[in-house]
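Please read it alongside the sequence and the model shown here.

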Amino acid sequence: ILFNKRSQTIVSNESSEIIQMLNSEFDEYAISPDIDLEPEDLREAMQSVDSWIYPNLNNGVYRCGFAQTQEAYDVAIDELTAAFDRVEDILSRQRFIAGDQFTLSDIRLFVTLLRFDEVYVVYFKTNTRSVANSSVLLNYCRDIYQMARVAETVDMHQIKEHYFCSHPDLNKLSIVPRGPNFERMLKERHNRDDLGIKRPKISVSDDEKSSPPSEAYA
């Protein structure tokens, strides 16, 4: 939720709208205001991938998890599986989902893939696919996770506690499965450099520059 404290009003509760606002409306507060994750020359490509990734993957996991009939689940899981494979195919040929540059579309995809194996495979029955079993998607996630300041935003413990303890109908006793320790996999070296690079240049402090690389992901 994006909340205006002065007017005590919710500005938006839609994540796709909020990240667009954060990309362009708060530059005066940003560490790296020159970064634009919605570049004009990639907007058409971004809109194209967003149009099928959102309903079939971002929202597809919820359609699977909250399906009320077997028929509804079967439709949702078929569409999710096809979208997963389509994403994998695209990312086997280019570094990021909309081209050779990291964009808001990658953020939208990454946050779903980040949760996929630890939460959705178990909780929402999306077990036709696994990010850990896809070299392409695992390395794509590693690439993004290892960008400056991304790892510190990932709290897998909180993610799992939130999901597994929020829906009594799905998990009456709020038991949180241990999982594969997916975040540990993200700390390993990725192989995406060969596909070209246009990663955002984020300012870091002198302390961060002097720290050994491994410390950022400890």
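Buried means under 20% relative accessible area, exposed means over 50%, and partly exposed covers the range in between (1.4 Å probe, protein chains only). The structure is a predicted model, in which local features need pLDDT of at least 70 and side-chain atom pairs count only at pLDDT 80 or more, while totals for chains, interfaces and linings use all residues. Residues are numbered from 1 along each chain as its sequence is written, and side-chain values use heavy atoms, with hydrogens and water left out.

**Overall content**

The protein chain has 9 helices and 2 strands; helices (H or I, at least four residues) and strands (E, at least two) are DSSP runs, numbered from the N terminus. Read from the N terminus, the order of elements is β-β-α-α-α-α-α-α-α-α-α. Of the 218 residues in the protein chain, 40% are buried. Contact means heavy atoms within 4.5 Å. Among contacts in the protein chain with a separation of 6 or more, 72% are between residues 24 or more positions apart.

**Helix α4 and its cover**

Helix α4 spans residues 70-91, which is 22 residues. From its first C-alpha to its last it reaches 31 Å, close to the 32 Å expected at 1.5 Å a residue; the expected span is 1.5 Å times one less than the number of residues. Buried residues in α4 include Tyr73, Ala76, Ile77, Leu80, Phe84 and Val87. The elements covering the buried residues of α4 include α2, α3 (60-65), α5 (104-123) and α6 (135-145).

Two packed helices are described by the angle between their axes and the distance between the axes. Here axes are lines fitted to C-alpha atoms, for helices over the stretch in contact, and angles run from 0 to 180 degrees between N-to-C directions.

The axes of α2 and α4 come within 8 Å and cross at roughly 130°. That angle makes α2 oblique to α4, since angles under 35 degrees count as roughly parallel, over 145 as roughly antiparallel, 65 to 115 as roughly perpendicular and the rest as oblique. The α2 and α4 crossing is left-handed, a term used if the near helix is turned anticlockwise from the far one by less than a right angle, with right-handed used if clockwise. On the α2 side the contact involves Trp52, Ile53, Asn56 and Leu57, which meet Glu79, Leu80, Ala83, Phe84, Arg86, Val87 and Ile90 in α4. By class, this contact of α2 with α4 has 8 nonpolar, 1 polar and 2 charged residues. Ala, Val, Leu, Ile, Met, Phe, Trp, Tyr, Cys and Pro count as nonpolar, Asp, Glu, Lys and Arg as charged, and the others, Gly among them, as polar.

What is the arrangement of α2 and α5? They pack at an angle of about 15°, with their axes 10 Å apart. That makes α2 roughly parallel to α5. The crossing of α2 past α5 is left-handed. In α2, Met46, Val49, Asp50, Ile53, Tyr54, Leu57 and Asn58 meet Leu104, Ser105, Arg108, Leu109 and Thr112 of α5. The residues of this contact of α2 with α5 divide into 7 nonpolar, 3 polar and 2 charged.

**Individual residues**

Tyr54 belongs to helix α2 (residues 43-58). Not counting residues up to four places away in sequence, Tyr54 touches Asn59, Gly60 and Arg108. The C-alpha atoms of Tyr54 and Ser105 are separated by 9.8 Å, although these residues are 51 residues apart along the chain. Asn59 sits in the loop between α2 and α3. The C-alpha atoms of Asn59 and Thr112, 53 residues apart along the chain, are 9.1 Å from each other.

Arg142 lies in helix α6. Leaving aside neighbours within four places in sequence, Arg142 is in contact with Met185, Leu186, Glu188, Arg189 and His190.

Relative accessible areas of selected residues:

| Residue | Relative accessible area | Class |
|---|---|---|
| Arg142 | 9% | buried |
| Asn59 | 26% | partly exposed |
| Arg149 | 29% | partly exposed |
| Tyr54 | 35% | partly exposed |
| Gln8 | 57% | exposed |

**Backbone**

Most residues other than glycine have a negative phi. Gln8, in the loop between β1 (2-4) and β2 (9-12), has a positive phi near 55°. Arg149, in the loop between α6 and α7 (156-164), has a positive phi near 70°.
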